[in-house]
Structure formats: structure tokens, C-alpha cells
Amino acid sequence: EQAIAIWLRLLQLVPNDIEALGAIAAIYYEHGRLASAAQIYERAVKAAPDEISPLMHLGLTQLDLGNTDKALECFSDILNRYPQHVEAQYNRALALERSGRFVEALDAYERVLPGEHGLDLVGARACILEKLGAFEAAHALIEPVVTSGAAGLRSLDAFARLCRHFGECDQAIEWIESRLHSTDVDENEQRHLHFRAGELYDRQKRYDEAFQHFQVGNRLKGYRYNAADDERYVDRLIEMLTPTVL
């Protein structure tokens, strides 16, 4: 609150200062006040319509709020101006995935330009294939990545989802536990991996270990739930997961 007060005083002197708006929105975002962050990012976009950063952050915040349509508008706006913008390409694919538009999302991930950007594109595509019921294709795509020891969050997530179909859940737990002990794992990745490990332990009836992981995951960051977005996502799943797929 003290930091926000300082930035607000700056805004009184320099209205619509982009640095101040970005700092305030980032503070709101980090403390879970996503709606407030989105409002400030919207103000930043209006103040600097030609800059990419405020629009990108607005899209990511809308995505976390569950407003996938608004997020898609932000990322599509960037791509209309900069078609080769890799981060916007990836985030647009992620927004399509979050909205349950899996076939479109898979196509969008495949269109993301390759390069040294650190994006786990193989893992993202495998996650989509798993959701579509294409287990064999997803496993063939992801196995070389996880066995190489270079798997990112999405690759490990995909393998953890697939492991029960191939009798490899012990291996999935081992790789997740190993990744959690790495020094370069940020808080967001830790939280997701703890939840995934908890699910795997729970499935094996190792309830004490499952509870420990769920507890740590919840402590790392509060859970944000958007009922409307969840309802849309479930409706998409019902449409996609026909008896043939299951």
C-alpha cells in the first residue's frame, strides 16, 4: 500500500505515466487483486496505445481472471500489428486452450515460431492431445522430452496426466519430485507441480504424501476460482469428450 501511494503521487504530477501505471498494476497483480490490476492495465493501454507491454499484461491478467474472450482480443491485437510476436502467439494459444477450444489451440501452438524463447511447446501440444483423448500421440510426442531430463512444466504436466494409461506413474512422480528439488523452479511452477504430485500420490492411495503436496501448493499461492469460466470449460469438455473419445 505504501508503494502504491508513492506511485499515485507521481501520477498526480505526471498523469498517465506508463511506468507508474505498470508498477501499480504489477503490485495489484502480485497480491491477487486481479480486477484492480486489469483496470490499471486498461488505463495504461489507453495512455500508450502503441506500446505492447501494457496490452500483453492486460491480456495475461484477463486470462487469469477467466475472461478468455477479452484475453484473446488483447493477444490478437498484438498479432495484428506484429504477426511474428512469439509471446503473443503462445499466449493466444493458451487462451484458446483455457476456453476449451482445443483443436484451435493445438493448431495455434503448432504455429508458434520455434526459437530460443524457453517456451514448452511440445508439452503444450501434448497436453492438448491428452485432453482430446489422443493418448498414444501425446505419449509419443512427450516421452523423448521427459526422458532427456529437459522437461519443462507443461511437459511434466502432460506426462503426469498420461502416465496412468501407460503404467508409468511411479516414473512421473520421480521426475516431478526431482524437478521440485531444482534451484531454478519459480513459485508458479512449484505450485503446479505440487498439485500434480498430490494427485498422483492420491491415485496411489498414498494419502499422507498427497496431503503434504496439496498443503504446500495451497500455501504457495491462493486458489482463484471463476465459476462462469469453469462452466464454459466443462461445457466444452462435454462437447469434445464423446463416448468414442472416452
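## Helix α5 and its residues

Helices here are DSSP runs of H or I with at least four residues, numbered from the N terminus. Leu-72 lies in one of them, helix α5. The model is a predicted one.

Leu-72 has a relative accessible area of 11% and is therefore buried, since buried means under 20%. Setting aside neighbours within four places in sequence, Leu-72 is in contact with Arg-92, Ala-95, Leu-96 and Arg-101. Gly-59 is 13 residues from Leu-72 along the chain, and the C-alpha atoms of the two are separated by 7.1 Å.

Ala-71 is also found in helix α5. With a relative accessibility of 0%, Ala-71 counts as buried. Beyond the neighbours within four places in sequence, the contacts of Ala-71 are Gly-59, Gln-62, Leu-63 and Ala-95. Between Ala-71 and Leu-94 there are 9.8 Å in space, C-alpha to C-alpha, and the two are 23 residues apart in sequence.

## Packing of α4 and α5

Helix α4 covers residues 52-65 and helix α5 covers residues 68-81. The two pack at an angle of about 155°, and their axes are 7 Å apart. Angles over 145 degrees count as roughly antiparallel, and α4 and α5 are therefore roughly antiparallel to each other. The crossing in which α4 passes α5 is left-handed.

On the α4 side, the residues that meet α5 are Ile-52, Leu-55, Met-56, Leu-58, Gly-59, Leu-60, Gln-62 and Leu-63. On the α5 side they are Thr-68, Lys-70, Ala-71, Cys-74, Phe-75, Asp-77, Ile-78 and Arg-81. Sorted by class, this contact has 10 nonpolar, three polar and three charged residues.

## Packing of α11 and α12

Helix α11, residues 169-180, packs against α12 at an angle of about 150°, with the axes 10 Å apart. That angle makes α11 roughly antiparallel to α12. The crossing of this pair is left-handed.

From α11, the residues in this contact are Cys-169, Ala-172, Ile-173, Ile-176, Glu-177, Arg-179 and Leu-180. They meet Glu-189, Gln-190, Leu-193, His-194, Arg-196, Ala-197, Leu-200, Tyr-201 and Arg-203 in α12. The contact of α11 with α12 has nine nonpolar, two polar and five charged residues.

## Arg-196 and Ile-176

Arg-196 is found in helix α12. Its relative accessible area is 13%, so Arg-196 is buried. Leaving out neighbours within four places in sequence, Arg-196 is in contact with Asp-157, Ala-160, Arg-161 and Ile-176.

## The largest nonpolar core

The largest nonpolar core has 65 residues. Within this core, Tyr-109, Ile-142, Ile-176 and Leu-200 touch the most other members. Helix α3, residues 34-47, provides the largest share of the core, with seven residues.

## A positive phi at Lys-205

Lys-205 is found in the loop between α12 (187-203) and α13 (207-220). Lys-205 is not a glycine, yet has a positive phi of about 65°. Most residues other than glycine have a negative phi.

Is Lys-205 buried or exposed? With a relative accessible area of 59%, Lys-205 is exposed, because exposed means over 50%.

Methods: Residues numbered from 1 in each chain as written. Predicted model: local features only at pLDDT ≥ 70, side-chain atom pairs only at ≥ 80, totals over all residues. Heavy atoms only, no water. Axes fitted to C-alpha atoms, helices over the stretch in contact; angles between N-to-C directions. Parallel < 35°, antiparallel > 145°, perpendicular 65-115°, else oblique. Left-handed = near helix turned anticlockwise from the far one by under 90°. Contact = heavy atoms within 4.5 Å. Nonpolar A, V, L, I, M, F, W, Y, C, P; charged D, E, K, R; others polar. Buried < 20%, exposed > 50% of the residue type's maximum accessible area, 1.4 Å probe, protein only. Core = buried A, V, L, I, M, F, W, Y, C linked by side-chain atoms within 4.5 Å.
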